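Open the structure in your viewer and keep the sequence panel in view. The stops below are given in the order to select them.

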Amino acid sequence: MNRDTQSPAELPTPTWLLVPVLLLGFYWMLGSVPLYDLDEGAFTEATREMLASGNYITPTMDGEPRFDKPVLIYWLQAASVKLLGLSELALRLPSALAATGWLLALWLFVRRRLDPSTATVAALVMALTLEVSIIAKAATADAVLNLFLALSFFDIYRWYLKPERGTLLRVYLWIGLGFLTKGPVAILFPVLVSLLFFLSERSLKEWLKAIRFPWGWALLLAVVLPWHIAIYLDSGPGFFENFFLGHNLGRFGAAMHGHQGFFGYYLVILPLIMLPFTGWFLRLLPALRQTWADPLDRFLWLWFAAVFVFFSFSGTKLPHYMLYGATPLFVLMARHRKLLANRWLAFVPPVLFFLLLLVLPELVEAAAGWTQGPHQLAMFELGRTLLDTPYRIAVALGLVLVSAIALWQRLPPWQGLVLVGLVQIAVVSGVLVPRVMEVLQGPVKEAALLARALDLPTLAYRTNMPSFSLYRRAITPNRPPSAGDLVFLRVDKLSKLTAQHPDLEQEVVFRRGAVALLKVRARRSDG
């Protein structure tokens, strides 16, 4: 792969190509794998309990209030379940639809501001980026939040170009809906980025005019306040104390749920979540200085930089947080796609990724030899059986295709990366993810369905896997066992259960992977 001395001619990029790519990236395999814990399991079990209880104000999980997030995602999932029935497909569909709206908003904005071809390229990159395709198929709040963030930012820039009341009202509407999805983050980034941008344009008075717009605040409060008042009346101050103080200030100040990372965490994570377009993104960085003079480019860079810097300082770090600042990168990459001429920079990252997938069975084998925890060992044992010959053949074929595309000198590197994105989606969504989810969540789903069939009093013992309750379609308390109970637990809790409850006999009715289901009864005395 030599550095090109002149760019090859581009193939046409028709808009209709977005339809099959969108279907592949956001909808293919949508309902084919179990829900993962904790995130999907927690969101979806809260939705199930909302439908079962008829309380659409205070979300609960296993009977206890769940104050982690505002209510909009639960309402959307509940509406989907009402329409389609309780299933993985129904619970994930709102995220796929939100991602579709996010992509459409991107396409419409770029088409109007730049040109149709650039809009299509930006949308293709978005649909095929690794982390976007994962979030689009996850029954969580993140795709919905990204939709409202994108709509907010695009209308902020439209208002900068042409200050109309209707455009500004939409900004406040999107911020309000984003707030109802995931809280203050929906206000923080639009306000911060717009301030920095208008300062860079020496237009602070215009920004202050927008911030002081009373009808906008009235609309935002009309969206946000009714549910906040209702949850206060329904459950007291618990949501405000837990969510605003714990899950917002707390997440920024310290790591929650073990999601810590070093200061440069996103320097490592960003190239991974941008696959297969990592090299394309990296090529933008040297062009930052020359593109800064353009107002649109500056607005997009400020959007990305604000998210990157903020979460770099946050105590809690998760890969998908960086997606809040990824939308502007898709536009910048598409707009400056001809800068990508170095084929090594373009194709080495996806080739390395496929090589990593190819040696994954060996890595699992090595990790199994290093760990001593029964929980991890059980997952590695199951993983060994699933990373089988068909897996190796599929990944090897993907590597061959990626390498062939990389060597196709007549194709511009950015178009080659779009083809690589199609291969990546096929292998990740069709081969890797089903096997990973079968290891992590397949046994949980099996245990839950068996517990539902047995129809006995069931509890979870020191195990927080809310998808078990979802698949069992019943609340599962986390408490000490009594005679006659079914006990769901991770296998590393078995020894603790035996030691703490020597008066109970245990009959293993299910054990696979990292979880087990026991039937307990009073131990008979020898006398």
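pLDDT is the predictor's confidence in each residue, on a scale from 0 to 100. This is a predicted model, so colour the chain by pLDDT before anything else. The protein chain has an average of 91, and 94% of its residues reach at least 70. Now select residues 252-259, where the pLDDT is below 50. In the model this stretch has 21 contacts beyond near neighbours in sequence. Where pLDDT is low, predicted coordinates should not be read in detail.

Next, select helix α11, residues 214-235, and find Ile-229 in it. Ile-229 counts as partly exposed because its relative accessibility is 46%.

Move on to helix α16, residues 295-313, which holds Val-309. Val-309 has a relative accessibility of 43% and therefore counts as partly exposed.

The last stop is Thr-476, in the loop between α24 (467-472) and β4 (486-490). Is Thr-476 buried or exposed? At 3% relative accessibility it counts as buried, because the cut-off is under 20%. Show side chains here. The side chain of Thr-476 makes a polar contact of 2.9 Å with that of Ser-469 and another of 3.3 Å with that of Arg-472. Beyond its neighbours within four places in sequence, Thr-476 also has contacts that include Asp-62, Thr-458 and Phe-468.

Definitions and conventions. Residues numbered from 1 in each chain as written. Predicted model: local features only at pLDDT ≥ 70, side-chain atom pairs only at ≥ 80, totals over all residues. Heavy atoms only, no water. Helix = DSSP H or I, 4+ residues; strand = E, 2+ residues; numbered from the N terminus. Buried < 20%, exposed > 50% of the residue type's maximum accessible area, 1.4 Å probe, protein only. Contact = heavy atoms within 4.5 Å. Polar contact = N/O pair within 3.5 Å; in protein donor to acceptor, adjacent residues only side chain to side chain.
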